[in-house]
Amino acid sequence: MEDSTQGGNTPFDLTELTGFRFGPSWAKPGADTAPSLPKMRTEERGERRSGARRPSTDRRTPRPRREDGTPSERAPRRGRPGNERRGGRNEAPRKELPPPADGFRVELRPSNSVLELFSKEITKQKRALPLLDLSRIVMAGKDRYDLVFMKLENGPMLIHSTKGDGACWLSTQEAVSYLWSAPWFAEYYTTSEVETEAPKGNFTAIATCSLGGEVIGPVNWHGYQAALMNLYRSKYGNMSPELFKSKISLNKDEAAVQAWLESAGRKTVWHPTREGATEIVLEDTRAVETDFEAHHFNEVYETVDKVFINGATPRKALTPGLAAHLAILSDKTRRSPQMLIPNLCHGLARHHMPIYKWQGNHFTGPSRVRTIPADTVLADRMMAIVNWSKEHSGEKVEAMFAALSGVPAGTDEESRKAASDAYAPFAADMIWLLEQGFIVVTSDNSIWYPKGSAAPAPTTVATEKRRNPRR
């Protein structure tokens, strides 16, 4: 089954990962760019790689001292009674997750749309990017990754929606109950109100759901249990019945009782939209669910042993055990994005992107880094770029252009135009070298000679002509 991207589908690109764009029309100032991803600042990346530590932000008060200068006993911490965990003082308690469903192998993978974007932008911008940075970009948006559920030998089958909403269930009952909150409900049923006889009896209090403010009816009304379960199935079926019932409160206001009596004189009924069935009247939710299972279930759902569930799929559209897998694995990978690197490698390889190890990290880029073969003949300008990058590895591309062209980058319009014209031929030659993997430009616009200077120096066009004047 193909993986899909759910959620907001917000367009994004990698242009913020580059500072200076060189090359053809896509690098020109004013080119259209889509909203870009948040990036990790260059200086933060440098600190992490170099091992530099940020200044301490320890705000602990100094330990008090006695008059003779010796430390006194430490005062008890305020605001953290007992064994309360650090950081939890002002945090709302997190909802407890149900246990993850058994019987599946589960993997988190970058969505295919994100892999296509990486391939397109990296090929276009000629940058070498660490896979760890790309992993962080993937985990920065829920719609950028998928969880792949693969049934084990004794595991249950998966009931997956074909409607593009990502819904997935482990039982037919769950799949049928979901129709009340499904975005495709109106495709199969319409509703109308009909007059009915108002309930009779001595009603003094009205039960109300505190979750959404829905009015259910008096607890001594003969239709109370049916109304309670109808509300549960249609809106709150993703929680346990016991928890739902604990959210019911009583309103003894006479006006509330009178308002309910007036509304109870009308009731909602449903009509199938399929051809030849529009005159059928389904008087309660149970009748609707029975009709759906008989006529539309196999149209909406497929039973599979492997499914891609996008990270942005709402939990209410998933069996609680599957939603627990999604929440736990997403959170774990977001905190440790290096976990995603193996599947990111496989995904980029499917899109024909090279993967290589450099500077102790896994990278992808326009080409694998490699030593320039000794018999390679390079033009003088290309050789100048290679030599400069070898001597100044890690410095900025703009510095190289200014040094080799002799034209500094200006601040006024005329100076910028002169610099752009002078840099253009060097940029074209640099692109070729990047595509061969002879030099590398990273996301912070630094240029590197990746293979050291152990290999014999390549031949320039000028020296080749001196050796072979007849050429």
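# Reading loops, helices and cavities

Q: Where is the place of Asn445?
A: Asn445 sits in the loop between β16 and β17. Keep in mind that this model is predicted.

Q: Is Asn445 buried or exposed?
A: Start with the cut-off: buried means under 20% relative accessible area. Asn445 has 3% relative accessibility, so Asn445 counts as buried.

Q: What is phi of Lys126?
A: Lys126 is not a glycine, and its phi is positive, near 60°.

Q: Where does Lys126 lie, and is Lys126 buried or exposed?
A: Lys126 belongs to the loop between α2 (112-125) and β2 (129-130). With 11% relative accessibility, Lys126 counts as buried.

Q: Which residues line the largest cavity?
A: Lys126 is one of them.

Q: Now a helix. Which residues of α13 are buried?
A: Helix α13 covers residues 397-405, and its buried residues are Val397, Met400 and Phe401. They span an arc of only 100° around the axis, so they lie on the same side of α13.

Q: What do the buried residues of α13 pack against?
A: Here, packing is read from contacts. Their partners are α12 (380-391), α14 (413-436), β16 (440-441) and β17 (447-448).

Q: Which residue follows α13?
A: Gly406 comes after the helix. Its phi is positive, near 75°.

Q: Which helix holds Thr333, and is Thr333 buried or exposed?
A: Thr333 is part of helix α10 (residues 320-335). Thr333 has a relative accessible area of 3%, which means that it is buried.

Q: What does the side chain of Thr333 reach?
A: The side chain of Thr333 reaches the backbone oxygen of Leu329, at 2.8 Å. Next, set aside neighbours within four places in sequence. Beyond those neighbours, Thr333 contacts Leu108, Met139, Met339 and Leu340.

Q: Where is Pro98 found, and what is its relative accessible area?
A: Pro98 is in the loop between α1 (42-50) and β1 (104-110). Its relative accessible area is 31%, so Pro98 is partly exposed.

Q: How many residues apart in sequence are Pro98 and Ala324?
A: Compare two distances, one along the chain and one in space. Pro98 and Ala324 are 226 residues apart in sequence. Their C-alpha atoms are 6.2 Å apart in space. Leaving aside neighbours within four places in sequence, Pro98 is in contact with Pro320 and Ala324.

Q: What about the protein chain as a whole, and how many helices and strands does it have?
A: The chain has 15 helices and 18 strands. Of its 471 residues, 40% count as buried. Last, take contacts with a separation of 6 or more: 70% of these are between residues 24 or more positions apart.

Terms used: Residues are numbered from 1 along each chain as its sequence is written. This is a predicted model: local features need pLDDT of at least 70, side-chain atom pairs count only at pLDDT 80 or more; totals for chains, interfaces and linings use all residues. Side-chain values use heavy atoms; hydrogens and water are left out. On a 1 Å grid over the protein atoms alone, a cavity is a set of points where a 1.4 Å probe fits but cannot get out, and a pocket is an open set with protein on both sides within 12 Å along at least five of seven lines; lining residues have an atom within 4 Å of a point. Buried means under 20% relative accessible area, exposed over 50%, partly exposed in between (1.4 Å probe, protein chains only). Helices (H or I, at least four residues) and strands (E, at least two) are DSSP runs, numbered from the N terminus. The arc is that of the directions from the helix axis to the C-beta atoms. Contact means heavy atoms within 4.5 Å. A polar contact is a pair of N or O atoms within 3.5 Å; within protein, one must be able to donate a hydrogen and the other to accept it, and residues adjacent in sequence count only if both atoms are side-chain atoms.
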